[in-house]
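Dear colleague,

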2 protein chains.
Amino acid sequence: MTEKRRLISRNDAKTPLFVGVDLGGTNIKVGVVDDLGRALSWVSVSTEVEKGPDHSTQRMGDAVATAIAEAGLKPADIARVGLGSPGPMDIQQGILLKPVNLKNEGQNGWKGFPIRDKLAEICGMPVAFNNDANAAAYGEYWVGSGREYDSMVLFTLGTGIGCGIIVDDKLIAGAHSHGAECGHIILDHGDDARMCGCGKTGHLEAYASATAVIRYTQQLLDAGRETSLSKRIADGAELTPKLVAEEAENGDPLSLEIVMETAKYMGVGIVTVMHTIDPECVMLGGAMTFGGAGSDLGRRFLDRIKEEVAARAFPALAEKTIIDFATLGADAGFIGAAGIARLEHSAR
Amino acid sequence: MTEKRRLISRNDAKTPLFVGVDLGGTNIKVGVVDDLGRALSWVSVSTEVEKGPDHSTQRMGDAVATAIAEAGLKPADIARVGLGSPGPMDIQQGILLKPVNLKNEGQNGWKGFPIRDKLAEICGMPVAFNNDANAAAYGEYWVGSGREYDSMVLFTLGTGIGCGIIVDDKLIAGAHSHGAECGHIILDHGDDARMCGCGKTGHLEAYASATAVIRYTQQLLDAGRETSLSKRIADGAELTPKLVAEEAENGDPLSLEIVMETAKYMGVGIVTVMHTIDPECVMLGGAMTFGGAGSDLGRRFLDRIKEEVAARAFPALAEKTIIDFATLGADAGFIGAAGIARLEHSAR
């Protein structure tokens with residue numbers, strides 16, 4: 001059992017407090033987090049990304065102040081702020097490069113924005129900076145699904161596939177700030193491999209993200225496959241993984257086939273990561289887990305992933321590696337960002 | 001520039017010395033290595049693996065004594081021994097599990113042998129234990145091709161594909177001693193994916209190891225493809241990657257095609273590792289590099305790998321990640337094993 005929740009200071013009256021900021025393309029989630037990873041407050045505000053990085057960074061700073069006040073604290077009570085942001089970025093320099101979900105060029109463009117130092121200036125305290133997927137992984141590792149393990153890979157399944165890797169309390173952030181971009185490991189090298197959102201082919205994200213599920217389902221619909229999805233869509237429902245999950249739960253064979261196919265691809269990707277990192281556990285978070293631990297379909301999705309892993313991985317690893325759902329939900333990002341701030345604070 | 005070569009002690013007269021042992025299925029290579037990674041002596045003896053693990057471990061111990069004497073030293077001058085061994089193993093426990101290149105079961109079987117403590121008993125000093133591929137990678141990282149970088153992935157191309165990953169002076173050894181088994185990352189998930197030596201399908205090793213090259217070449221020969229290899233084999237030459245390399249250099253188009261195909265697969269595998277670890281450099285060692293840096297064919301092999309990486313990786317990573325040949329050759333194993341002993345010694 002790991003000691004990762006050990007207090008930085010044993011003097012309870014003096015344990016440091018942190019603020020975590022999870023910057024998204026739509027919302028900013030901010031919370032005060034204590035030395036044991038407990039959220040003391042949290043607030044969510046819209047990013048208003050179209051108004052540019054200076055505006056959104058001011059909104060982050062305001063949300064930090066609000067979260068501190070909500071917790072009944074003063075800025076001086078906070079040791080450090082942690083910020084998880086969409087990449088790509090230069091983590092060392094604290095700069096956004098060409099963030100994929102934020103407007104890049106021209107007026108109000110985010111490209112090249114020195115986001116870490118700008119936020120530090122507004123907050124009046126040091127800011128620890130990292131990738132949003134890495135921050136979520138660190139949150140799960142610190143106090144969520146990975147809290148009992150010394151190494152973990154978290155896949156965050158959504159529009160794309162985010163990933164974070166932690167080995168012995170250390171994030172694999174990468175020599176060029178591109179560590180744990182496992183949404184882009186190659187599943188298929190063939191000429192007919194699927195096109196990924198990043199512009200290259202055969203990447204995991206092109207097979208097991210929400211985008212991939214929607215595209216694949218549409219292909220099956222276009223091919224005239226019989227499915228109750230057709231009626232739902234004709235009735236005005238939007239084609240989403242959630243709709244596919246609903247119809248799978250209603251007994252539609254094609255919808256279930258799509259869920260199981262997605263699980264198969266995740267299994268293939270997980271084997272590659274197991275044979276590279278050999279983590280103690282692999283956790284699955286994000287909105288695209290077909291109901292997750294709380295649903296029968298989610299458990300079938302997970303079982304199918306494990307079945308594929310058993311078929312393709314070293315038997316000893318297939319047997320011993322924990323594969324399960326993440327537990328912190330949408331809080332993983334800000335809690336993990338606070339945890340990264342805590343790591344930097346304790347290493348100072 | 002890293003400080004990994006920094007002396008453990010600044011007092012030159014007192015810097016510790018180490019012995020590295022590289023256990024192979026055919027030979028044992030042992031050398032005394034100083035605190036800067038310089039080999040002061042080395043010896044090679046046959047493993048005599050068929051006589052069982054006790055016998056071979058005694059041979060290792062004798063070779064350690066010989067190497068120490070060859071360097072003009074006494075056992076008391078050595079701080080620690082490092083041992084790199086074929087896996088799979090339990091690194092923490094110092095035990096071999098079912099080593100693939102050594103006889104496992106029955107009399108003189110190696111399965112379950114407590115090799116670390118047995119060698120320590122014979123040598124009368126502590127032994128640091130790790131996977132042979134990890135040891136070779138650490139050697140290259142410490143004083144070889146990776147010496148200027150803070151993170152590295154080494155692929156050792158031979159009968160199989162070994163791999164070692166180092167991030168900030170730390171080996172990714174894995175939660176279950178299976179870290180960096182990147183010969184077994186998945187390149188192809190399809191039903192017609194190639195069978196790997198490990199019994200699973202679609203793994204890198206099934207596409208880019210010497211075994212894979214020989215099998216693929218034989219298939220092309222069986223299919224009646226025109227090639228100067230046919231005459232060489234009819235004249236009594238053995239089908240090996242070296243033969244393919246010779247004929248490629250002699251202008252045989254099919255042989256060159258085989259070399260370039262192998263490079264393509266290595267490129268695919270390297271992209272997956274780049275998108276997982278994002279190392280500063282990826283190095284290629286082992287006997288199966290088609291001549292390596294010293295030959296025109298080796299350089300074409302490397303260029304083709306880089307071309308594939310450029311086609312499939314994030315542009316920023318394809319541009320910045322160093323991909324090159326390893327430089328320590330067959331010395332990487334024992335030097336790296338000594339380096340791992342040095343790591344343990346300095347952490348004591």
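B:Ser209 counts as buried, because 26 C-beta neighbours lie inside 10 Å of this residue, and the cut-off for a buried residue is 20 or more. Please bear in mind that the model is predicted.

In chain B, B:Ser209 is placed in the loop between helix 4 (205–208) and helix 5 (210–222). Neighbours within four places in sequence aside, the residues in contact with B:Ser209 are B:Leu157, B:Gly158, B:Thr159, B:Gly160, B:Ile161 and B:Met288. As for B:Gly87, a separation of 122 residues in sequence from B:Ser209 goes with a C-alpha to C-alpha distance of 17 Å.

The second topic is the domain arrangement of chain A. This chain is divided into domain 1, which comprises 12–139 + 331–347, and domain 2, which comprises 149–327. Taken over C-alpha atoms, the centres of domain 1 and domain 2 of chain A are separated by 28 Å. Contact between the two involves 13 residues of domain 1 of chain A and 15 residues of domain 2 of chain A.

Which elements give two or more residues to the side of domain 1 of chain A that touches domain 2 of chain A? They are strand 5 (89–90) and helix 3 (132–143) of chain A. Helix 3 of chain A provides the largest share of that side, with six residues. By class, the side of domain 1 of chain A that touches domain 2 of chain A consists of eight nonpolar, three polar and two charged residues.

With kind regards

Conventions:
Residues numbered from 1 in each chain as written. Chains lettered and ligands numbered in written order. Predicted model: local features only at pLDDT ≥ 70, side-chain atom pairs only at ≥ 80, totals over all residues. Helix = DSSP H or I, 4+ residues; strand = E, 2+ residues; numbered from the N terminus. Buried ≥ 20, exposed ≤ 12 C-beta atoms within 10 Å, placed from the backbone. Contact = placed C-beta atoms within 7 Å. Domains from an automatic or database assignment. Nonpolar A, V, L, I, M, F, W, Y, C, P; charged D, E, K, R; others polar.
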